[in-house]
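Subject: Structure for your review

Dear colleague,

Here is the structure you asked for. My notes on salt bridges and on one surface patch follow below.

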Amino acid sequence: MVISVRGGGLWVMMPTHWGFLFLLCFGAGCHTAPDPSQRDTLIRQETSRQIGGRVMLTAAEQRLDARLRGMKEWEMSRPAFPPAVHFFKAKPLIEASPIFSLLQKMPKGGALHIHSSTLVGVDWLVRNVTYRPHCYICFTRDQSVRFVFSTRYPFPRWDCFYWQLLETLRAGMGDPAPFDNSLIQNLTLFTEDPEAAYPSQDVVWEKFEKKFVVTSGLITHAPVLRDYLYQGLEELHRDNIMYLELRSGLAKTYELDGSVHDKVWYLKTFQEVTQQFVEDHPDFLGTRIIVSVNRALSVSQVKAAVMEAIQLQRDFPDVVTGFDLVGREDTGRNLWYFRDALMLPKNLGLVLPYFFHAGETDEKGTDVDENMLDALLFNTTRIGHGYALAHHPLAKELSRVGNVAVELCPISNQVLKLVSDLRNHPAAVLMSEGHPLVISSDDPSLFGNTGLSYDFYQAFIQLSATPPEGGRPGQVAGEVGHVCRYEYEMELDQKGIYLT
């Protein structure tokens with residue numbers, strides 16, 4: 001900051017990348033009314049700091065930008081404003097939006113934060129997978145379901161004593177559609193009254209985590225897994241997504257006879273499916289896996305997982321890209337608790353990139369809240385969610401300067417009750433400051449959406465700023481384009497391709 005005296009006034013100036021910005025003037029030498037030219041300068045300077053604020057567009061792109069501005073302002077004036085409403089209620093409003101239609105057609109770069117168990121829409125799981133031969137179902141005491149594929153009657157287990165063959169069960173129904181709809185309900189969190197169904201974070205997280213158990217018997221069946229991965233890429237590609245980084249625990253998969261495949265088999269299958277998909281869709285760039293384990297594990301278990309991830313990355317350098325700890329931060333152990341495990345690669349002179357979930361919490365001043373700084377201390381490549389980052393000025397500055405992108409998942413943050421009205425999402429601060437961001441969907445099938453367009457809509461409509469008239473050309477379109485280009489460059493960088 002610079003202070004100078006001019007014409008009897010005390011001027012306060014701040015150095016920026018674009019020169020000195022005049023902020024305030026005090027004293028007799030200051031005009032009683034603000035200078036309009038200085039006001040215009042202030043507006044341009046502030047707008048240029050926002051995401052996309054320095055993007056200069058062609059004449060045609062500026063016409064599109066003006067159209068987008070009008071569309072966005074109209075959207076924000078609607079009586080039922082989708083970002084202010086729970087996504088389960090807002091979804092039909094979003095789907096009726098012309099901006100959503102435009103975003104669906106727009107190339108979106110990469111999906112960099114999706115968990116493998118929620119990659120595919122549940123409609124496909126129910127109407128395709130559960131109609132396959134040898135699929136059994138069990139109805140549990142807590143009014144949920146379990147699935148398993150087997151050529152013989154499955155063994156009873158603690159949560160399932162009585163199994164029924166789905167083919168036989170449906171044969172006794174006149175119309176299986178209501179039954180299939182009930183299965184879909186068991187595979188998602190969707191409900192018409194989410195506020196009543198999920199009154200607190202504890203309630204929604206408990207039900208959220210149970211959904212992963214429901215789908216596991218379907219997607220860990222070896223023949224299903226191959227089709228499941230291909231279908232997931234198909235759904236992403238349909239939404240104009242060109243690259244995927246999938247967080248996966250590499251669950252063991254099983255055959256009809258009960259034999260089990262290991263993690264190496266999973267990675268080989270993932271690699272083969274990707275190669276086939278790229279061959280079928282040449283514009284698709286590819287995939288990577290971020291090996292993930294739950295933060296509820298012990299330090300010794302995480303040490304073993306880190307060493308295993310290092311070996312898997314050696315064996316599959318074009319598939320495994322890094323490591324993460326997943327699970328609810330508020331009830332799990334923080335990153336510093338696992339410091340001995342997470343320091344292993346460095347201590348051994350090895351490299352294992354980290355992609356940590358951090359800041360997926362609204363608990364300020366707790367051990368969990370320290371994950372933001374710890375993630376940066378462990379040199380995380382990106383920050384998963386980063387909801388709390390805006391409340392950590394040092395971590396925010398370090399991640400911005402280090403180009404550590406936040407993986408923003410607005411719908412997930414709302415459904416899991418970090419924020420009820422997305423107008424209050426702290427990512428708006430990050431976007432206004434030009435912080436590196438990528439937009440993703442976290443667990444799309446559980447939330448009833450596919451691809452990235454729904455999350456892009458929420459981010460564009462509410463989290464990004466609409467500049468005033470006279471703002472920098474290209475600001476509105478640039479906000480979306482900047483995020484897409486950032487994701488695209490990250491994808492190319494992952495593949496060893498660099499833009500000049």
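A residue is called buried when its relative accessible area is under 20%, and exposed when that value is over 50%. The model is predicted. E407 has a relative accessible area of 0%, so E407 counts as buried.

The side chain of E407 forms a salt bridge with R247, at 3.1 Å from N to O. Because E407 sits in strand β15 (residues 405-408) and R247 in strand β8, this pair ties together parts that are 160 residues apart in sequence. R247 is buried as well, at 1% relative accessibility.

Another salt bridge joins E245 and R382, with an N to O distance of 2.6 Å. E245 belongs to strand β8 (residues 243-248) and R382 to strand β14 (residues 382-385), so the parts tied together here are 137 residues apart in sequence. Both of these residues are buried. E245, R247, D324, R382 and E407 are linked in a network of salt bridges.

In the whole structure, the search finds 19 salt bridges. One of them pairs R328 with D202, whose closest N and O atoms are 2.9 Å apart. R328 lies in the loop between β12 (320-326) and α13 (339-342), and D202 in helix α9 (residues 201-219), so the pair ties together parts that are 126 residues apart in sequence. R328 is buried at 10% relative accessible area, whereas D202 is exposed at 51%.

On the surface, Y153, F161 and Y162 form a nonpolar patch with about 370 Å² of accessible area together. Y153 is in the loop between β6 (145-149) and β7 (164-165) and is partly exposed, at 40% relative accessibility.

Regards

Terms used:
Residues are numbered from 1 along each chain as its sequence is written. This is a predicted model: local features need pLDDT of at least 70, side-chain atom pairs count only at pLDDT 80 or more; totals for chains, interfaces and linings use all residues. Side-chain values use heavy atoms; hydrogens and water are left out. Patches are made of residues with over 30% relative accessible area and no salt bridge: like charges are joined within 9 Å, nonpolar side chains (Val, Leu, Ile, Met, Phe, Trp, Tyr) within 5 Å. Accessible areas come from the Shrake-Rupley method with a 1.4 Å probe; for residues, only the protein chains shown count as cover. A salt bridge is a side-chain nitrogen of Lys or Arg within 4 Å of a carboxyl oxygen of Asp or Glu. Helices (H or I, at least four residues) and strands (E, at least two) are DSSP runs, numbered from the N terminus. Buried means under 20% relative accessible area, exposed over 50%, partly exposed in between (1.4 Å probe, protein chains only).
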